[in-house]
Amino acid sequence: MTQIIKSNQITNKYYLLALTNFEKKDFKLAKFNFLQYLKKTDDFNALNLLGISYLNLKEYIAAAKVFKELISKKIITDSILNNYGVALKNLKEFNTAKYYFKKAIKINQKNFLTFFNLGNLNFEIKKETEAEILFLKCIKLRKDYLPAILNLSMLYLKNYNLDKCLKLLKNSLDLFPNNNTVIENIAKIYLITKNFNLAEKYLIKLIQLSKKNIKKIIPLALGYSYEGKEKKYKKICKLYVKNLTKESSIFSLNTIKKKIPTISFLSPDIRNHPVGFFTKDMLPELSKRFKVVIFNTSGFEDEISIYIKNFCHWINLKTNNEYEIADAIFKKNVDVLIDSSGLTRTNNLGVFKLKPSKNQVSWAGWLASTNLKEMDYVISDHFCTRQKDEKFFTEKVLRMKNIWCTYSLSVLENLNLKKKYNSESFIIYGCFQRPEKISKKVLRTWTEILIRVKKSKIFFINQSFNEYEKKKLILHFNNNGISNKRLIFIQPKNRKEYLNSYNLVDINLDTFPYNGGTTLFESSYMGVPTLTKENNSFLFRCGESINNNLNMQNWIAKNSNDYVNKAEDFSNKKFINELKRKLIIDSKKSILFNSKVFANEFGKMIMNIL
């Protein structure tokens with residue numbers, strides 16, 4: 001009798017421990033104690049809780065087995081059926097999961113969780129209309145169930161149902177005024193619709209909630225730069241750099257000059273990326289004069305990275321912590337540290353704020369000011385950055401004699417691209433830019449060109465044009481009398497196909513005030529002239545620089561009216577084809593692709609700041 005009592009006491013002890021662990025959400029210990037308890041007794045409630053523990057531990061096969069056993073023993077509730085459905089859904093047994101979710105709903109039509117889980121299943125299998133209905137039913141039953149609100153907002157965002165999404169999220173703000181995801185998704189909608197003032201309001205609130213959200217403000221800085229709004233751009237930059245790290249300039253730097261200086265690049269982009277295209281042929285030349293160190297922050301390498309490794313000391317950083325990266329740079333006793341990202345999404349400005357190198361330089365990827373006082377210099381040229389612009393820079397502006405950077409000729413020649421002329425009778429204008437660079441002013445200007453040049457089309461050639469962006473552009477042109485037949489959207493499958501698509505175009509139309517950079521280099525190599533415009537903003541005058549260096553000053557419009565007039569005047573097939581022949585030859589001989597000459601001048605400039 002005594003042994004039986006002790007055995008029961010031990011068994012009950014496991015059960016009580018399991019319940020305590022379960023309530024504390026320590027599901028690993030709860031599982032262990034439930035299993036010990038169930039060895040001695042059949043307790044369907046404990047078995048159910050064991051199944052829930054398995055679900056929380058993402059042990060879906062074990063969970064499914066438990067719930068199946070309960071159902072086979074006629075222990076059936078809407079909760080058990082729902083949980084069985086969750087396990088099956090995660091095992092990708094969608095049809096069976098759907099069957100049990102529906103069975104659960106028949107038993108209890110007020111269980112909001114079942115509607116939510118069935119909604120998730122439909123969302124995953126791309127039955128989005130059904131998913132929307134189910135999420136809405138869930139929210140009707142439980143208006144404060146945040147996961148359903150967020151998943152429904154994701155569905156709306158994915159399909160660019162922006163009005164529905166905004167209404168849903170703004171209504172939920174009353175319930176969740178400080179929820180990061182709700183606020184961030186509202187900001188995303190305003191960024192997509194280019195309502196930057198309202199986007200700023202919500203992004204600043206996001207940063208006030210947590211400084212860890214600081215990088216989420218970068219798309220706003222980009223948006224203001226695309227619009228040429230210098231003051232607003234500068235305001236966001238200042239906010240960004242202020243919130244990067246608590247400290248700045250934390251190192252005691254060695255000022256002793258070395259015989260062979262060390263020049264270093266901190267970048268995630270020395271690969272198949274514009275920065276890789278700019279540096280591939282240049283770095284071997286620099287390595288003749290400097291010890292070159294590359295700190296790679298992406299962990300990704302490709303054929304460009306592998307080639308460049310032959311001419312430098314390549315370090316893959318295995319951390320994204322600013323202090324650890326700065327320490328690694330400081331230990332290498334770097335004389336000049338070069339940033340090629342500026343205020344882009346993958347920037348490392350937090351490292352530069354800590355100042356692990358005496359001389360810090362912004363170059364190539366960003367031609368506006370970082371507004372970081374620890375960034376000593378920005379390398380530009382006389383066309384990109386005028387003398388009067390210097391008041392907008394915290395950095396000292398260093399100007400190359402001709403152009404701020406060059407494109408590695410080997411990158412293009414290795415692709416064996418075909419160069420041919422567009423045989424269509426219509427004049428084909430091309431846009432190779434991302435849709436976010438196409439401002440309202442650009443659209444009005446391009447519309448006027450298509451109205452004036454009747455026998456013309458415009459090709460939008462970029463993978464970034466999703467259905468929402470396409471519909472928005474088509475609606476704008478249609479409202480101005482331009483038919484769909486004159487609007488062609490092409491999404492190249494790979495880089496070679498993308499570059500060969502320049503052969504489809506007669507004239508490349510540059511965006512403004514934010515000009516293209518890489519696209520204009522590539523356009524000139526393919527023999528396609530680019531029409532650009534003078535820019536009163538101090539942000540990104542790449543088009544002016546490239547056309548000036550090609551001696552194509554006539555292809556730089558003074559204003560929007562001049563841009564339209566030039567597009568019309570140049571719309572002559574014979575004239576364009578003759579210009580293309582000349583440009584194919586001239587561009588290859590120009591400074592645009594002469595990395596050796598550029599590297600020599602770049603090296604001298606670096607030596608002057610040491």
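**Exercise 1. Find which helices cover the buried residues of helix H5.**

*Solution.* Start with the cover: helix H3 (44-56), helix H4 (60-72), helix H6 (94-107) and helix H7 (112-124) are among the elements over the buried residues of H5. Contact here means heavy atoms within 4.5 Å. Helices (H or I, at least four residues) and strands (E, at least two) are DSSP runs, numbered from the N terminus.

A word on the source: this is a predicted model, where local features need pLDDT of at least 70, side-chain atom pairs count only at pLDDT 80 or more, and totals for chains, interfaces and linings use all residues. Residues are numbered from 1 along each chain as its sequence is written, and side-chain values use heavy atoms, with hydrogens and water left out.

Next, look at H5 itself. Eleven of its 13 residues are buried, so H5 is largely enclosed by the rest of the structure. Buried means under 20% relative accessible area, exposed over 50%, and partly exposed in between (1.4 Å probe, protein chains only). Among the buried residues of H5 are Asp-78, Tyr-84 and Lys-89.

**Exercise 2. Decide whether Ser-410 is buried or exposed.**

*Solution.* Locate Ser-410 first: you will find it in helix H20 (residues 409-413). Its relative accessibility is 17%, so Ser-410 counts as buried. Leaving out residues up to four places away in sequence, Ser-410 touches Lys-280 and Asp-281.

**Exercise 3. Describe the largest pocket and its lining.**

*Solution.* Begin with the volume, about 1300 Å³. Of the 41 lining residues, His-273, Pro-274, Arg-434, Lys-437 and Thr-518 are the closest to the centre. A pocket is an open set of points on a 1 Å grid over the protein atoms alone where a 1.4 Å probe fits, with protein on both sides within 12 Å along at least five of seven lines; lining residues have an atom within 4 Å of a point.

Now ask which helices contribute. H15 (274-279) is one of the helices that supply at least two residues, and H15 gives the most, with four. Lastly, sort by class: 16 nonpolar, 17 polar and eight charged residues. Ala, Val, Leu, Ile, Met, Phe, Trp, Tyr, Cys and Pro count as nonpolar, Asp, Glu, Lys and Arg as charged, and the others, Gly among them, as polar.

Note on methods:
Points joined across faces, edges and corners; volume = space filled by probe spheres on them.
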